[in-house]
Every structure is written in structure tokens, then in C-alpha cells.
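This report sets out the architecture of a two-chain model. The sequence and structure are shown first, and the description follows by topic.

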Amino acid sequence: MRADATRESIAWRVVRVVALLAFAVFFLVPLLSMADFSTRVVGGTGRTAQPWENLVQDPMLRSSIVTSLLLALLTTVLMLVLLTPTMIWVRLRVPAASRLVEFLCLLPLTVPPLVIVVGISNVYAWVSYLLGNSPLTLTFAYVVLVLPYAYRSLDAALGSINVVTLAEAARSLGAGWTTVIVRVVLPNIWPGVTSAAFVAVALVLGEYTFASLLNFETLPYVIGLLGKSDAPTSTAASLAVLVLASLLLVALTFVGRDNRRESRRDKPSRGALT
Amino acid sequence: MARVSRLAPWAGLLPFLVYLLVFLLVPTVTVVVGAFQGGHGFSTENITGLFEATALHTLWNSLVLSVSSAVVGAVLGAFLAYLVVTRPPTSLFRRTVTAVSGVLAQFGGVPLAFAFIATLGFSGVLTEALRSSFGLDIFGSGWLFGLRGLILVYSYFQIPLMVIVFLPALEGVRPQWREAAVNLGASTWQYWTRVAGPLLLPAFLGATLLLFANAFAAYATAALLVTQGNPIVPLLIRAALTSEVVLGRQNFAFALAFEMIVVVGVVMTLYTLLLRRTSRWLR
């Protein structure tokens, strides 16, 4: 491929640079506009930090931030506790169930969140009867929403190691099933677990459909409500959430990169199309 | 250790299965059953309501929005993915684009609605800049808050989604295939039309279908941008949910949600079939 790289024509280089610039403008202008819009004085000149101060001063916004962060934490924990042992167990003991588990995990892609909201009122009547009418009960629905993404991360991680051989080795040395799952398999699929967790956090911090239609005051819902009366504050909050999620996910690619490189060592990943 | 029966390991799946039964299957079945229920037991009045002018027009709008944003997203996203894949996997550029795409694709909802209001809204940054410096009015009569605006805004998360979905397929194209083609005397054009093109086509079409389903089911951005009228299906569902009775019908939200399941279900089935075909070659 090196020969091709040196033969790369000037026209192609120009096209590439222009295209990348166009993409950069399309994706950056709205973000920069948010920064500008959230710091300018409406109907005047100069700058104000008031919308950003509102993020910590406005009581409704502040409590919704706490709610959303708690939701992100609870959803991630519940999702990992529910999904990881199940997926390992399927690989080890009930391979016959792998298609069923895959189907169920990917089903939320086919059944849109909006449809689940429409049908979930009876279930949530029971949930709020048993657990109270707290916004944190959204955790149950959010676990379903993050399932497809979490499933893919974990499935890829499990696919890159030989779970059965690992388990047999551990079992022949006297380990119980709990030890096999927690101390043998889990450390080996850690990159998959962290990426599932990061995606879950990002999704929960941005989720609007459930929160708005079930009337729970999470951060995205409150941002939406505020938008009608105070657009600059909503814009500031939106930008803050976007930056936070970006930092999380960018951190993930940098933290997980050594592990990933290892698991992808056998796969070609460059050069084919140059 | 005692010999356990063949069914015993299935018990380990119980927590997972019960959870999904309660929080995924029960709601879905509720929608499907509810779509065929009237005030007194079984009825098809909700379903026939889907074929009346308003509902059909709304469905048409939703299809137009989903197809346009999927095609725009697929073409531009595939191109961006190609620009990315020609860089080494460890390069800062490639890692940044992948990470940013991950964020923007998942994170469409609320922030993006406000990003575009801040950019192209009546007092948006770009609107005001063009108005004061060139006397140009890009706000018009508020196209941002209608169907055309939604197509533009949806492209903002469709392009990154395409990058994420299509990148693995591009990465799966082996350098050896090109080397083999070149050794056999193929030109760049022949390599693309005879080797890489046919290999990537199922992946490309599959990804386009995924983008379509993604746009068809998207709710948050539209809910925040469109405050007047209910031009697309998700917003009609919102109206049916919050005002209890639309068009004088109970359970109409169930019928609309059922319509959504059918459309997305068909598209996602096709997607899965195409994906299976892709994964045969690109591992």
C-alpha cells in the first residue's frame, strides 16, 4: 500500500482537506453557536455568565443534575449486574439460549423507546406503588434502553477470549462458578465492561423520551422545560451535558486503547483502502 | 458435586428473562393488544383510524424525513468513514473522529435541538450574523421548526452514526484483497467496482436501513423543535398520549405505536438479513 500512498494525487488531497473542513464547519458551528448564545446579553452587547451560573443556582436545574447523575450510576450498575453474569453463563452452560438472549437484548432497537413508553404505564403504576414515585425508578426502563449497546460491547469482549477453555481450566483447579465468573472471566472482558458502562452513562444523561412522557424531572427534561422561558440557560446546560459526555467517551477511547489494541491484534485495520 | 438436570443451568437466566418480560415484553404486548381494543373489548376502529387523511399524511411526512436524513447521513457518513479509515488506527485524528461520532450519534436529543436553535433560530448566532452583515434572512418563516429543519438537524446525528456503523465494515476490507486485485492487473476503478464495492454494498445498505429506523423512531429532538402541530408520527403519539383523545378515539396512541413497531420492525429485519450477508465476508 505504501506505493499507493506516495502516488496519492494532489486532486485527492485537496478534496480530502476541503471535505474535512466542510465536516468540521457543519459539526462545530452549532457547538460554537451554543457557547456564544449562552454567554451573550440578550438585546445588548457584551458577555454574561448568568446562564452558566444558573446551572448551580437554579434549584430545579441543580436537583435535576443530581437526579440524572444518580440515574446514570444506578442504570450502569443494574445493567452490569443483570447482563454480565447472564452473558457469561450463556457462553459457559446454556449456549442453546444465546440466540434468545441476543434477540431480547437487541429487541429495544426494533421496539423504539417511544413505543415502550406508550405501553409501560401499567408496569410503572406497579413500580411507583411498590417503590414510590421517585424519578430514580426510571432506572428500570433505562436498563432496557442501554441493553443493545451494552450487549454488543460485552459480546465483542467475550468473543475475543476463549471463555470455555478459561472456565474449564479454572474449574479443573477447583474454582466454583462464582469464582470463574468474577475472578477469571470478568477481568478478561474488562474493556467490554467499561465501554458498556460509558455508553450507558452517556445514554442516560441524554435520555428525554421516557423522562418527559412519564413526567420525571431529569436533566434533559428540565432543560427542555426551561427552554420555553430561558433559552440561554437551556443552551448552557445542553452544552455542559454534551461536553461532559464527550469527555467521558473520549476518555474511554484513550483509556481502553491498549486493551483494545491487544484484542484486535490479529485484525487488519489500515491500509486496505488507501 | 451432585449431578444436575439438563434444565438447571437455565435457572441462571431467570433474573434476566423475568426483568425483560416485565420491562420490555409486557409494554410491547400492551401496545399490540391495545391497538385492537376499543372502549368495549376488541375493535379495529383504532387501526382504521391510521388510514384516515391526517394519520396517513403524518406517516408520509415521517417517511420523507427518515428517507432523506438516512440517505444524506449514509452518503456523507460513509465518505467521512473512508477519510477516517485511511488514517492509521492510532492517529489522534482517527481516535478523535471516532470518539466524537460516538458522542454525537448517541446524544442527538435535547442538546442538539438547542444547538440548532442557538445557531439558526430567530435570534440564533448564524441568523443574526448573516442578517447584520449581509442583510440575508436565513430564518425565513421558521423552516427550522418544520420538516426541512428536522432533516437538517437529524443529519447531525445520522452522519456520526453512519461513521460508527460503517467503520467496522471498512476496517474489515483486507489489504491483501487489494494487493491480489492489483497483482492480477486491476485498476483502482476495477478494484472499487468489482471487489470492494460489492463487498461493502450490503453493509452500506444495511447501515442506511439502520439510519432510517433511527430517524423514524427519534423523538426528543423533534419534540423540542416542533411546538406547533404534529407533522410526524412520534409527535402525533405525543399528542395522543397527552391529550388522551385524538380524533375522538381512545387507545389511538396504541395504534400509532403499533404502526411504528411495524415500520421499524420491517426495516430492522431487512437490516439483520443484510448484516448476516456482510458478516460472512467481513470479520
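## Secondary structure

Helices here are DSSP runs of H or I with at least four residues, strands are runs of E with at least two, and both are numbered from the N terminus. The model is a predicted one. Read along its sequence, chain B follows the pattern α-α-α-α-α-α-α-α-α-α-α-α, with twelve helices and zero strands. In chain A, the secondary structure comes to 15 helices and zero strands.

## Burial and contacts within each chain

Of the 274 residues in chain A, 42% are buried; for the 283 residues in chain B, the buried share is 45%. The C-alpha atoms of chain B fill a box of roughly 85 × 70 × 35 Å along the principal axes.

Among contacts in chain A with a separation of 6 or more, 77% involve residues 24 or more positions apart. In chain B, 76% of the contacts between residues at least 6 apart in sequence join residues at least 24 apart.

## Domains of chain A

Chain A is divided into domain 1, residues 10-48, and domain 2, residues 59-263. The C-alpha centres of these two domains of chain A lie 32 Å apart. Five residues from domain 1 and five residues from domain 2 take part in the contact between them. On the side of domain 1 that touches domain 2, four residues are nonpolar, one is polar and none is charged.

Asp58(A) lies in the loop between helix H3 (50-57) and helix H4 (59-92) of chain A. Is Asp58(A) buried or partly exposed? Asp58(A) has 18 C-beta neighbours inside 10 Å and therefore counts as partly exposed, since a buried residue needs 20 or more. Between Asp58(A) and Pro108(A), the separation is 50 residues in sequence and 35 Å in space, from C-alpha to C-alpha.

## The interface between the chains

Chain A contributes 67 residues to the contact between the chains, and chain B contributes 66 residues. Helix H14 (residues 231-255) of chain A gives the most to the side of chain A that touches chain B, namely twelve residues. By class, that side of chain A comprises 45 nonpolar, 18 polar and four charged residues.

## The largest nonpolar core

The largest nonpolar core has 163 residues. Those with the most contacts inside this core are Val146(A) and Ala150(A), together with Met162(B), Phe166(B) and Ala257(B). From chain A, the core draws at least three residues from each of domain 1 (10-48) and domain 2 (59-263).

What surrounds Phe166(B), leaving aside residues up to four places away in sequence? Phe166(B) touches Gly77(B), Ala78(B) and Ala81(B), as well as Ala203(B), Phe204(B) and Ala207(B).

## A helix pair in chain B

Helix H5 (residues 109-120) and helix H6 (residues 125-134) of chain B pack with their axes 3 Å apart, at an angle of about 10 degrees. H5(B) and H6(B) are therefore roughly parallel to each other, as angles under 35 degrees count as such. H5(B) makes the contact through Ala118(B), Thr119(B) and Leu120(B), and H6(B) through Val125(B), Leu126(B) and Thr127(B). The residues of this contact divide into four nonpolar and two polar, with no charged residue.

Note on methods: Residues are numbered from 1 along each chain as its sequence is written. Chains are lettered from A and ligands numbered from 1 in the order in which they are written. This is a predicted model: local features need pLDDT of at least 70, side-chain atom pairs count only at pLDDT 80 or more; totals for chains, interfaces and linings use all residues. A residue is buried if 20 or more other C-beta atoms lie within 10 Å of its own, exposed if 12 or fewer, and partly exposed in between; C-beta atoms are placed from the backbone. Two residues are in contact if their C-beta atoms, placed from the backbone, lie within 7 Å. Axes are lines fitted to C-alpha atoms, for helices over the stretch in contact, and angles run from 0 to 180 degrees between N-to-C directions. Angles under 35 degrees count as roughly parallel, over 145 as roughly antiparallel, 65 to 115 as roughly perpendicular and the rest as oblique. Ala, Val, Leu, Ile, Met, Phe, Trp, Tyr, Cys and Pro count as nonpolar, Asp, Glu, Lys and Arg as charged, and the others, Gly among them, as polar. A nonpolar core is a set of buried Ala, Val, Leu, Ile, Met, Phe, Trp, Tyr and Cys residues joined through C-beta atoms within 7 Å. Domain bounds come from an automatic or database domain assignment.
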